[in-house]
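Work through these exercises with the structure open beside you. Try each task before reading its solution.

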Amino acid sequence: MNASLTDSDQDTLSTHVVADQGAYHVSIDAGPYHIAYADVRPTCSSVELSVDVAMGSASPRLRRRLIDAVFDLDVMRTPRTLLAALPLGDVYLLDCVSQHLASVHTRSAGHSCLVDGRLLG
């Protein structure tokens, strides 16, 4: 992902959710470019979440929009464990995710921030 986004591009964004065999792909697009995306894979006892945001897309509104779309999914409304991988150092994205969790534990792994928590449901 290497598309960048300016504040004037915020109005041209579109949100897409694609479901495939119980997994979900949520993306924020600016025209033909994926600006941010999240992959959601639910299991019996947990939900795995992987998030990426294009470099140069510093807008907090973009992150909020992506996380709101993710947590609007029905699978995110059941109290169970969330296992998330976020870009390391993206504090705003971590804050957005944390607001939907009852408890939060983080650790770094390479270029990722791994987040474990309990969905509020």
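A crossing of two helices is left-handed if the near helix is turned anticlockwise from the far one by less than a right angle, and right-handed if it is turned clockwise. Keep this for Exercise 3. Note too that the model is predicted.

**Exercise 1. Describe the overall build of the chain.**

Step 1. Take the elements. The chain has two helices and seven strands.

Step 2. Along the sequence the pattern reads β-β-β-β-α-β-α-β-β.

Step 3. Turn to burial. Of the 121 residues in the chain, 37% are buried.

Step 4. Residues 24 or more positions apart account for 54% of them.

**Exercise 2. Find which residues of helix H2 are buried, and where they lie on the helix.**

Step 1. Go through H2, residues 91-98. Leu93, Cys96 and Val97 are buried.

Step 2. Look down the axis of H2. The buried residues fall within an arc of 95°, so they line one face of the helix.

Step 3. Ask what this face meets. The buried residues of H2 pack against helix H1 (60-71) and against strands S4 (46-53), S5 (81-87) and S6 (101-109).

**Exercise 3. Describe how H1 and H2 pack together.**

Step 1. Take the geometry. The helices pack at an angle of about 30°, and their axes are 9 Å apart.

Step 2. Classify the angle. Angles under 35 degrees count as roughly parallel. H1 and H2 are therefore roughly parallel to each other.

Step 3. Apply the opening definition. The crossing of H1 and H2 is right-handed.

Step 4. Name the residues in contact. H1 supplies Pro60, Arg63, Arg64, Ile67 and Phe71, while H2 supplies Tyr92, Leu93, Cys96 and Val97.

Step 5. Sort them by class. The contact has seven nonpolar residues, two charged residues and no polar ones.

**Exercise 4. Decide for Ile35 and then for Gln21: buried or exposed?**

Step 1. Locate Ile35. This residue is in strand S3 (residues 33-42).

Step 2. Use the cut-off. Buried means under 20% relative accessible area, and exposed means over 50%. Ile35 has a relative accessible area of 1%, so Ile35 is buried.

Step 3. Locate Gln21. This residue sits in the loop between strand S1 (13-20) and strand S2 (23-30).

Step 4. Use the cut-off again. Gln21 has a relative accessible area of 79%, so Gln21 is exposed.

**Exercise 5. State what stands out in the backbone of Gln21.**

Step 1. Recall the general rule. Most residues other than glycine have a negative phi.

Step 2. Check the residue. Gln21 is not a glycine, yet its phi is positive, at about 55°.

Note on methods. Residues are numbered from 1 along each chain as its sequence is written. This is a predicted model: local features need pLDDT of at least 70, side-chain atom pairs count only at pLDDT 80 or more; totals for chains, interfaces and linings use all residues. Side-chain values use heavy atoms; hydrogens and water are left out. Buried means under 20% relative accessible area, exposed over 50%, partly exposed in between (1.4 Å probe, protein chains only). Helices (H or I, at least four residues) and strands (E, at least two) are DSSP runs, numbered from the N terminus. The arc is that of the directions from the helix axis to the C-beta atoms. Contact means heavy atoms within 4.5 Å. Axes are lines fitted to C-alpha atoms, for helices over the stretch in contact, and angles run from 0 to 180 degrees between N-to-C directions. Angles under 35 degrees count as roughly parallel, over 145 as roughly antiparallel, 65 to 115 as roughly perpendicular and the rest as oblique. Ala, Val, Leu, Ile, Met, Phe, Trp, Tyr, Cys and Pro count as nonpolar, Asp, Glu, Lys and Arg as charged, and the others, Gly among them, as polar.
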